Amino acid sequence: MTTRRSATSGGPYEDPFGYCRAVRVGDHVAVAGTVAVDPEGNTIAPGDMYEQTAAVLAIIERALVDVGAAMTDVVRTRSFLTDIGQWEAFGKAHGEAFRLIKPVATAVEVKGLIGDGIVIEIEVDAIVADRSA
């Protein structure tokens, strides 16, 4: 029987919307779309693509660790930007986190995201590597 492990970030949308930040089933981890919002619901660095991307990736990293995974296990990122013209700021922060890992990645422009001042949302998939080898 495969065990299911879940992690929450304490974000304001998780309970009312009925989801958690990350779910691990076997060696697969899915991390929900994550925005730069603190546990009190405040937007982190409103409008700042670089700072928000870095904050989102830090939230994602904590969720991965909570279910026994790591950033090095990430195999796919999906990023939703409200202004694709800010791709360089996004790319800089994404590259700082994943330069050596190199997951497959998608970045698309969207009309809007939940919350004032939010300019980026990221979700990831990870496959937990066997670290005993």
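Visitor: What makes Glu14 and Arg21 a salt bridge?

Guide: In this predicted model, the closest N and O atoms of Glu14 and Arg21 are 3.0 Å apart. A salt bridge requires a side-chain nitrogen of Lys or Arg within 4 Å of a carboxyl oxygen of Asp or Glu, so the term applies.

Visitor: Why is Glu14 called buried?

Guide: Buried means under 20% relative accessible area. Glu14 has a relative accessible area of 2%, and therefore counts as buried.

Visitor: What makes Arg78 and Glu123 a salt bridge?

Guide: The closest N and O atoms of Arg78 and Glu123 are 3.2 Å apart. The cut-off is 4 Å, so the pair qualifies. The two residues belong to distant parts of the chain: Arg78 is in strand E4 (residues 74–81) and Glu123 in strand E6 (residues 120–127), 45 residues apart.

Visitor: Why is Arg78 called partly exposed?

Guide: Partly exposed covers the range between the 20% limit for buried and the 50% limit for exposed. Arg78 has a relative accessible area of 25%, so the label is partly exposed. Glu123, with a relative accessible area of 22%, is therefore partly exposed as well.

Visitor: How do you know that Asp125 and Arg78 form a salt bridge?

Guide: The N to O distance between the side chains of Asp125 and Arg78 is 2.9 Å, and the criterion is within 4 Å. Asp125 lies in strand E6 and Arg78 in strand E4, so this pair ties together parts that are 47 residues apart in sequence.

Visitor: Why does Asp125 count as buried?

Guide: The limit is under 20%. Asp125 has 16% relative accessibility and therefore counts as buried.

Visitor: What links Arg78, Glu123 and Asp125?

Guide: These residues are linked in a network of salt bridges. By the stated rule, the count for the protein comes to 3 salt bridges.

Visitor: How do you know that the radius of gyration agrees with that of a compact globule?

Guide: For 133 residues, a compact globule would have a radius of gyration near 14 Å; the protein has 14 Å, so the values agree. The C-alpha atoms fill a box of roughly 45 × 35 × 20 Å along the principal axes.

Visitor: Which pattern does the protein follow along the sequence?

Guide: The pattern is β-α-β-β-α-β-α-β-β, with 3 helices and 6 strands. Of the 133 residues, 37% count as buried.

Conventions:
Residues numbered from 1 in each chain as written. Predicted model: local features only at pLDDT ≥ 70, side-chain atom pairs only at ≥ 80, totals over all residues. Heavy atoms only, no water. Helix = DSSP H or I, 4+ residues; strand = E, 2+ residues; numbered from the N terminus. Rg over C-alpha atoms; globule rule 2.2 N^0.38 Å. Buried < 20%, exposed > 50% of the residue type's maximum accessible area, 1.4 Å probe, protein only.
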